[in-house]
Amino acid sequence: MNDLLLPGHAEIEQAAKLVYAAMPATPQYSWPLLNAALGTETWVKHENHTPTGAFKVRGGLVYLQARRASGVISATRGNHGQSVGFAAHRYGIAATIVVPHGNSKEKNAAMRALGVTLVEHGKEFQESREHAVMLAQRDAATIWKWNKGWLARGIAGIGNAIASTVQATMAWLVSSESGMISATAWLANKYPGAACSMYPGMALLRVRHSGAHGGAAIDDGNGNGNASDMAP
């Protein structure tokens, strides 16, 4: 699959079956106090209820199922490594994760609990990444490649689940995390036009920390930067 192409609806549905064979669907709620605070009906998709506590496990399950390697090596500082570990354990694949020295003890423990071989190397992520590439070449293992197509298939199930149950969506709020952008960008691919939704005028809003860098608007998948950038 071309890593620059967003998946279609059928591909997302197929990936969702793969994901939900490994974990229950995450809950989504409309919280009354949140609705009151925002002045509108709001639905929250609780991806903290996945087995790893983060949405990234969705992409990991789809990516590794497609690759079917005997071993995989990657570098991370946290949630990605848990995604790799969970998927690798499910498929019987050996996984090695390289992290920089001083990485979160909690994240390291979580990865080890999933059966990952954890290697500490370097002071910064880039050093860890380069070491992971070296290990993959030395051991003839598969180095994790950021194939956005396969990852988007799994992650986009978040948006698909919301769209199939909440009919009057007027705006999507997503984290500035690139994976969450992939999860919503497929809407623009399925429903092209000025809005990323089944409904004209629906907005895609990127929420980032006020101290974060990179405030460019999100591209909607059609070459149009129609997403607003919010920094609370």
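## Basis of the model

Because the model is predicted, local features are reported where pLDDT is at least 70 and side-chain atom pairs count only at pLDDT 80 or more, whereas totals for chains, interfaces and linings use all residues. Residues are numbered from 1 along each chain as its sequence is written, and side-chain values rest on heavy atoms, with hydrogens and water left out.

## Confidence

The chain has an average pLDDT (the predictor's confidence in each residue, from 0 to 100) of 77, and 68% of the residues score at least 70. Among the secondary-structure elements, where helices (H or I, at least four residues) and strands (E, at least two) are DSSP runs numbered from the N terminus, confidence is highest in strand β5 (residues 117–120), with a mean of 97, and lowest in strand β9 (residues 227–230), with a mean of 39.

Two stretches call for careful reading. Over residues 191–200 pLDDT stays under 50, and the model has 22 contacts (heavy atoms within 4.5 Å) beyond four places in sequence for this stretch.

## Overall make-up

The protein chain holds nine helices and nine strands. Of its 232 residues, 45% count as buried, a class that means under 20% relative accessible area, with exposed over 50% and partly exposed in between (1.4 Å probe, protein chains only). The accessible surface, calculated by the Shrake-Rupley method with a 1.4 Å probe and, for residues, with only the protein chains shown counting as cover, comes to about 11,700 Å², of which 55% belongs to carbon and sulfur atoms. Where contacts join residues at least 6 apart in sequence, 59% of them join residues at least 24 apart.

## Salt bridges

Side chains of opposite charge can pair when their charged atoms come close. A search of the whole structure finds three salt bridges, each defined as a side-chain nitrogen of Lys or Arg within 4 Å of a carboxyl oxygen of Asp or Glu. In one of them, Arg-153 and Glu-11 meet through their side chains at 3.0 Å, N to O; this pair links distant parts of the chain, with Arg-153 in helix α7 (residues 148–155) and Glu-11 in helix α1 (residues 9–20), 142 residues apart. Arg-153 is buried at 11% relative accessible area, while Glu-11 is partly exposed at 27%.

Arg-58 forms another salt bridge with Glu-47, their closest N and O atoms lying 2.7 Å apart; here Arg-58 belongs to helix α3 (residues 56–67) and Glu-47 to the loop between β2 (44–45) and α3, 11 residues apart. Arg-58 is buried at 1% relative accessibility, and Glu-47 is buried at 8%. The side chains of Asp-139 and Arg-138 also form a salt bridge, at 2.8 Å from N to O, with Asp-139 partly exposed at 42% and Arg-138 exposed at 58%.

## The surroundings of Thr-76

Thr-76 is placed in the loop between β3 (71–75) and α4 (79–91), and it counts as buried at 5% relative accessibility. A polar atom of the Thr-76 side chain lies 2.9 Å from the backbone nitrogen of Gly-78, and the Thr-76 side chain also reaches the backbone nitrogen of Gly-81 at 3.5 Å. Apart from neighbours within four places in sequence, Thr-76 is in contact with Gly-81, Ile-97, Val-98, Val-99, Pro-100, Met-111 and Phe-125.

Terms used:
A polar contact is a pair of N or O atoms within 3.5 Å; within protein, one must be able to donate a hydrogen and the other to accept it, and residues adjacent in sequence count only if both atoms are side-chain atoms.
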